[in-house]
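Good morning. Please bring the model up on your screens, and I will go through it part by part.

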Amino acid sequence: MNLARLDMNLVVALRALLEERNVTHAGQRVGLSQPAMSAALARLRRHFDDDLLARVGGHYELTALGQVLLDRTSTACDLLERLFSSQADFDPATESREFKLVGSDYAVAVFGTELARVVHEEAPGIRLRFTQPPAGVVDDTATLLSATDGLLMPHGVISDFSATDLYEDRWVFLVAEDHPDVGDRLAREDLARLPWVTYQRTYDAPAVRQLGMLGIEPHVEVSVDSFQTLPLLVAGTRRIALVQERLARAFVHIAAVRVLEPPYEAVPLREALWWHPVHTHDAAHIWLRETAGRVGTRLPAVEQ
């Protein structure tokens with residue numbers, strides 16, 4: 001495929017056609033007449049040797065290939081927009097733009113709130129948008145990073161991408177304040193016999209792998225996709241939960257829980273901001289990474 005011979009305007013037309021599934025509406029969306037959009041569809045059909053849009057009754061539906069191209073075209077357009085919006089210079093005090101960061105509710109609560117405060121003070125025209133990672137982030141990290149400005153995730157889950165280290169944290173256990181079976185400390189036997197509340201995604205993977213290496217198989221009674229709900233699901237029960245210390249300390253004042261040390265030397269957590277190579281030399285993104293690194297170093301150290 002010779003990229004120089006391709007008409008990049010067709011990428012925009014393809015996205016509009018696949019999302020609108022209507023030639024007239026797609027043309028209105030990108031500012032083309034109905035005949036011009038029909039001509040673009042004809043060219044796309046020749047290129048892919050596929051109808052892309054198939055008439056079913058009085059409307060169009062995507063073909064199998066059209067369905068595959070739907071997500072890929074959206075990602076490609078996002079990547080092209082970020083590529084051509086790259087800047088040689090960036091003045092945070094006067095610029096106006098949005099940065100999209102993907103991260104768990106833990107990362108936003110512990111780090112994102114402080115980053116937002118600093119951005120508010122230093123760059124009033126900058127907007128931050130935090131979104132939860134999709135379920136397949138580990139399997140298709142490149143696609144996610146190409147459509148965002150960065151991913152907040154600890155080391156040990158993904159690799160092969162550039163990252164700015166932010167801060168360190170520790171894993172601790174939460175138990176109910178009035179837990180009938182646990183005193184001032186946990187034993188390894190407690191981890192095997194007591195029911196658990198767990199975070200159901202893979203972002204605590206190193207800690208979970210360590211449990212397996214120690215021969216500990218958690219009896220999972222409740223599984224959730226929010227770190228911040230773990231303390232609430234522990235309070236008043238016999239359940240235990242493995243949670244980051246920075247988040248745990250914040251919740252002892254909200255939920256009736258206690259923070260206990262693991263009965264083993266838990267692997268530390270090193271949070272980082274990961275980004276796609278397309279952003280490496282962009283002045284705006286360099287500012288974002290430097291600001292994030294500065295905010296991370298200012299966070300108070302966790303207790304040892």
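Two strands count as a pair if DSSP finds at least two bridges between them. Keep that in mind for the hairpin, where we start. This is a predicted model, by the way.

Strand E1, residues 53–56, pairs with strand E2, residues 59–62, in the antiparallel sense, and the pair has 4 bridges. One of these bridges joins Val56 to His59 in E2. The hairpin of E1 and E2 has 2 residues between the strands, and Gly57 has a positive phi there, near 65°.

That brings up phi in general. Most residues other than glycine have a negative phi. Which residues here go against that? Arg21 is one: its phi is near 55°, which is positive, and Arg21 is not a glycine. Look for Arg21 in the loop between helix H1 (9–20) and helix H2 (23–30). Its relative accessibility is 33%, so Arg21 counts as partly exposed.

Asp160 also has a positive phi without being glycine, with a value near 70°. You will find Asp160 in the loop between strand E5 (150–154) and E6. Is Asp160 buried or exposed? At 76% relative accessibility, Asp160 counts as exposed.

Now the sheet. It is open and has 5 strands, in the order E4-E3-E5-E12-E6, with mixed pairing. Why is one side of E4 and of E6 left without a neighbour in the sheet? Strand E4 (126–131) and strand E6 (162–169) stand at the edges and have a single partner strand each, so one side of each has no neighbour in the sheet. From one strand to the next, the twist averages 25°.

As a reminder, strands of a sheet pair through backbone hydrogen bonds, either parallel or antiparallel. Strand E3, residues 97–103, pairs with E4 in the parallel sense, over 6 bridges. To find this pair on the screen, go to Arg97, which stands opposite Ile126 in E4. Helix H11, residues 283–298, packs on the sheet. H11 touches E3, E4, E6 and strand E12 (269–275), and its direction makes about 15° with that of E6.

Asp190 belongs to helix H7, residues 188–193. Is this aspartate, Asp190, buried or exposed? With a relative accessibility of 8%, Asp190 counts as buried, because the cut-off for buried is under 20%. Leaving aside residues up to four places away in sequence, Asp190 touches Arg185 and Ile240.

Last, the chain as a whole. How many helices and strands does the protein chain have? There are 11 helices and 12 strands. The C-alpha trace spans about 75 × 50 × 35 Å along its principal axes. The protein chain has 304 residues, and 46% of them count as buried.

For contacts in the protein chain with a separation of 6 or more, 76% are between residues 24 or more positions apart.

Methods: Residues are numbered from 1 along each chain as its sequence is written. This is a predicted model: local features need pLDDT of at least 70, side-chain atom pairs count only at pLDDT 80 or more; totals for chains, interfaces and linings use all residues. Side-chain values use heavy atoms; hydrogens and water are left out. Axes are lines fitted to C-alpha atoms, for helices over the stretch in contact, and angles run from 0 to 180 degrees between N-to-C directions. Contact means heavy atoms within 4.5 Å. Buried means under 20% relative accessible area, exposed over 50%, partly exposed in between (1.4 Å probe, protein chains only).
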